[in-house]
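Visitor: Please take me through one part of this structure up close. I am new to it.

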Amino acid sequence: MDIKQLKEIHKKTTEKCLEIMLKKNSDYTGGKKSTDVFANFRSSEYLGIHPVIGIMMRVMDKIQRIKSFTADGELKVDNESVYDACEDVVNYMILAKAIFVEERNKNENNS
């Protein structure tokens, strides 16, 4: 693989990740009328868990699937590939970063 091929994978992956994130955000946060893009992650606060820790738990699930694929060369769930798991990890990390940015902005505005 050369840098051109790597850049193409990066571009296609990030474009697909954004498309997936927008669709899932609607599904998981209450639909088109929802005003909180992090609603499903904030639900972890009911258990005393910071939303980013909740995201990290979901990431660990994806990492375990990737680990299983690496060991066995296959995944048993037909409609979710190892590529899908990788894209989910990317999206979860972007969401974690966005929550940190939101918190920092709130703290700066309250200062």
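Guide: Start with I49, which is partly exposed, with a relative accessible area of 31%. Partly exposed sits between buried, under 20%, and exposed, over 50% (1.4 Å probe, protein chains only). This is a predicted model: local features need pLDDT of at least 70, side-chain atom pairs count only at pLDDT 80 or more, and totals for chains, interfaces and linings use all residues. Residues are numbered from 1 along each chain as its sequence is written, and side-chain values use heavy atoms, leaving out hydrogens and water.

Where is I49? The loop between α2 (39-42) and α3 (51-72) holds I49. Helices are DSSP runs of H or I, at least four residues, numbered from the N terminus. Neighbours within four places in sequence aside, I49 is in contact with S44 and G54. Contact means heavy atoms within 4.5 Å.

I49 also belongs to a nonpolar surface patch with Y46, L47, I53 and M57. Together they have about 610 Å² of accessible area. Areas come from the Shrake-Rupley method with a 1.4 Å probe. Patch residues have over 30% relative accessible area and no salt bridge, and nonpolar side chains are joined within 5 Å. A salt bridge is a Lys or Arg side-chain nitrogen within 4 Å of an Asp or Glu carboxyl oxygen.

Now the core. The largest nonpolar core has 11 residues, among them F41, I55 and Y92. Such a core joins buried nonpolar residues through side-chain atoms within 4.5 Å. Its largest share, five residues, comes from α4. Sequence neighbours within four places aside, I55 is in contact with F41, Y92, M93, L95, A96 and I99. The C-alpha atoms of I49 and Y92 are separated by 16 Å.

Terms used: Patch = residues over 30% accessible without salt bridge, like charges linked within 9 Å, V, L, I, M, F, W, Y side chains within 5 Å. Helix = DSSP H or I, 4+ residues; strand = E, 2+ residues; numbered from the N terminus.
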